[in-house]
Amino acid sequence: MSKMAEIDAVKDEVFEYLDALREIGAVNMFGAGPYVQEAFDLDRNQAHYLLKEWMRTFSERHATA
């Protein structure tokens with residue numbers, strides 16, 4: 001499996017995980033990369049890529065009507 005396919009396979013699950021971390025206030029979200037890395041067995045670059053994507057798309061995914 002390619003690295004991008006591996007990332008795509010867990011993206012939604014990682015985003016839900018990050019939403020939950022944010023909601024409970026367990027961690028400063030800028031420092032959440034290692035949590036993602038450990039929870040999903042990703043390398044550092046993959047985890048940080050997903051964290052950046054989560055941050056970049058947060059407002060459009062959580063837009064209030």
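**Entry 1: α1 against α3**

I began with helix α1 (residues 3-24) and α3, whose axes come within 9 Å and cross at roughly 60°. The model is predicted, so I kept its limits beside the numbers: local features need pLDDT of at least 70, side-chain atom pairs count only at pLDDT 80 or more, and totals for chains, interfaces and linings use all residues. Residues are numbered from 1 along each chain as its sequence is written, and side-chain values use heavy atoms, with hydrogens and water left out.

I took helices as DSSP runs (H or I, at least four residues), numbered from the N terminus. Axes are lines fitted to C-alpha atoms, for helices over the stretch in contact, and angles run from 0 to 180 degrees between N-to-C directions. On this basis α1 and α3 are oblique to each other. The classes I used are roughly parallel under 35 degrees, roughly antiparallel over 145, roughly perpendicular from 65 to 115, and oblique for the rest.

I noted the crossing of α1 and α3 as right-handed.

I then listed the contact residues (heavy atoms within 4.5 Å). From α1 they are K3, M4, E6, I7, V10, K11, V14, F15, L18, D19 and R22, and from α3 they are Q46, Y49, L50, L51, E53, W54, T57, F58 and R61. By class, this contact of α1 with α3 has eleven nonpolar, two polar and seven charged residues. Here Ala, Val, Leu, Ile, Met, Phe, Trp, Tyr, Cys and Pro count as nonpolar, Asp, Glu, Lys and Arg as charged, and the others, Gly among them, as polar.

**Entry 2: α1 against α2**

I looked up α1 and α2 next: their axes come within 11 Å and cross at roughly 130°. The two are therefore oblique to each other, and their crossing is right-handed. On the α1 side the contact is made by E13, V14, Y17, L18 and L21, and on the α2 side by Y35, V36, A39 and F40. I counted eight nonpolar, no polar and one charged residues in the contact of α1 with α2.

**Entry 3: α2 against α3**

For helix α2 (residues 33-40) and helix α3 (residues 44-61), I recorded an angle of about 120° and axes 8 Å apart. This pair, too, is oblique, and α2 passes α3 in a right-handed crossing. G33, V36 and Q37 of α2 meet R44, A47, H48 and L51 of α3. The contact of α2 with α3 holds three nonpolar, three polar and one charged residues.

**Entry 4: aromatic pairs**

I applied a ring rule: rings of Phe, Tyr and Trp (its six-membered ring) pair if their centres lie within 6.5 Å, with planes under 30 degrees apart stacked, over 60 edge-to-face and the rest tilted. The count comes to two aromatic pairs.

Y17 and F40 form an edge-to-face pair, 5.3 Å centre to centre with 85° between the planes. The pair links distant parts of the chain, since Y17 is in helix α1 and F40 in helix α2, 23 residues apart. I checked accessibility with a 1.4 Å probe and protein chains only: buried is under 20% relative accessible area, exposed is over 50%, and partly exposed is in between. Y17 is partly exposed at 25%, while F40 is buried at 16%.

W54 and F58 also pair edge-to-face, because their ring centres are 5.3 Å apart and their planes lie at 65°. They are four residues apart in helix α3, so about one helical turn separates them. W54 counts as buried at 3% relative accessibility.

I went back to F40 for its surroundings. Not counting residues up to four places away in sequence, F40 touches E13, V14 and Y17. From F40 to I7 I noted 9.9 Å, C-alpha to C-alpha, across 33 residues in sequence.

**Entry 5: two loop residues**

I found F30 in the loop between α1 and α2, exposed with a relative accessible area of 70%. F30 touches L51 and M55, residues up to four places away in sequence not being counted. The C-alpha atoms of F30 and F15 are separated by 14 Å, with the two residues 15 apart along the chain.

D41 is in the loop between α2 and α3 and is exposed at 67%. I marked its backbone: D41 has a positive phi of about 50° although it is not a glycine. Most residues other than glycine have a negative phi.

Conventions
Left-handed = near helix turned anticlockwise from the far one by under 90°.
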